[in-house]
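These are my notebook entries on what I looked up in this structure.

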Amino acid sequence: MTVEAKICGLVRPEDARYADEAGADYLGVVFAPGPRRRDEQQARRIWRNTEAKRVGVFVDASEEQVVKLAHDVGLSAVQLHGSEGRDYCRRVGDAGEWAVWKAVRIGGSTPLESALERYAAVVDGILLEGFSRRGHGGVGARFDWSLASEVRGVWPQGVCLILAGGLNPGNVAEAIERFRPNVVDVSSGVETAPAVKSRDALRAFVRVVKGSG
């Protein structure tokens, strides 16, 4: 099994280069409100001179804004963390060649199986993260990993499983063994301070992921 590594919440160009050099498959920039939010020009500087695929993170942005930005900066994946519905996801996906990933917060008000049934036919991947009142993603909220067998038992065929929430170099191997995800996504778990990535932690995270296939 090949597992890909995504480094998200990038705000500094040097961190994107460190992640890229370490072998990360995806580099994520947040375009939603929060401490890691960046605009288009800042994102271009972050991604400059990197080879990994680009992911943009959005929360309830307009479809027009998402599609325009995805076209303009060359996103490989659009990651949606808000209340975006089925039709929204379908239209955004139909507007370009990028993948659409929809985040589902485990422990929220919507049961996992219902969320999977709702989105499986209209997205390319579903991202699992923990529920937190502090925000949508990037807060290190880990959900109950004892649900791994349940998750795999109901997972829709052909839909990419992206695992996030509380991952770090010390626990990502266990997460991969339990969930067998396609992609593991880390943000705060490789930081030394808010929005500041650790070069050593980036390398360690990617090294573990690449050694877990």
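Before reading any burial value I noted the cut-offs: a residue is buried under 20% relative accessible area, exposed over 50% and partly exposed in between, with a 1.4 Å probe and protein chains only. The model is a predicted one, in which local features need pLDDT of at least 70 and side-chain atom pairs count only at pLDDT 80 or more, while totals for chains, interfaces and linings use all residues. Residues are numbered from 1 along each chain as its sequence is written, and side-chain values use heavy atoms, with hydrogens and water left out.

**Entry: cysteines.** I looked up cysteine 160, which counts as buried at 19% relative accessibility, and cysteine 8, which is buried with a relative accessible area of 7%. Taking a disulfide as a pair of cysteine sulfur atoms within 2.5 Å, I found a count of zero. Cysteine 8 is in no disulfide, since the nearest cysteine sulfur, that of cysteine 160, is 14 Å away, which is too far for a bond.

**Entry: aromatic pairs.** I paired rings of Phe, Tyr and Trp (its six-membered ring) if their centres lie within 6.5 Å, calling planes under 30 degrees apart stacked, over 60 edge-to-face and the rest tilted. The search of the whole structure gave five aromatic pairs. One of them joins tyrosine 26 and tryptophan 101, edge-to-face, at 5.1 Å centre to centre with 70° between the planes. With helices (H or I, at least four residues) and strands (E, at least two) taken as DSSP runs numbered from the N terminus, this pair links distant parts of the chain, from tyrosine 26 in strand S2 (residues 26-30) to tryptophan 101 in strand S5 (residues 99-106), 75 residues apart. Both residues, tyrosine 26 and tryptophan 101, are buried.

I then looked at phenylalanine 31 and phenylalanine 58, whose ring centres are 5.4 Å apart with planes at 20°, so the pair is stacked. Phenylalanine 31 lies in the loop between S2 and helix H2 (40-47) and phenylalanine 58 in strand S3 (residues 53-58), 27 residues apart, and both are buried. Ring pairs also bring in Trp47, linking Phe31, Trp47 and Phe58 into a cluster.

**Entry: helix H7.** Which residues of helix H7 (residues 172-179) are buried? I listed Val172, Ala175, Ile176 and Phe179. After H7 comes arginine 180, whose phi is positive, near 50°.
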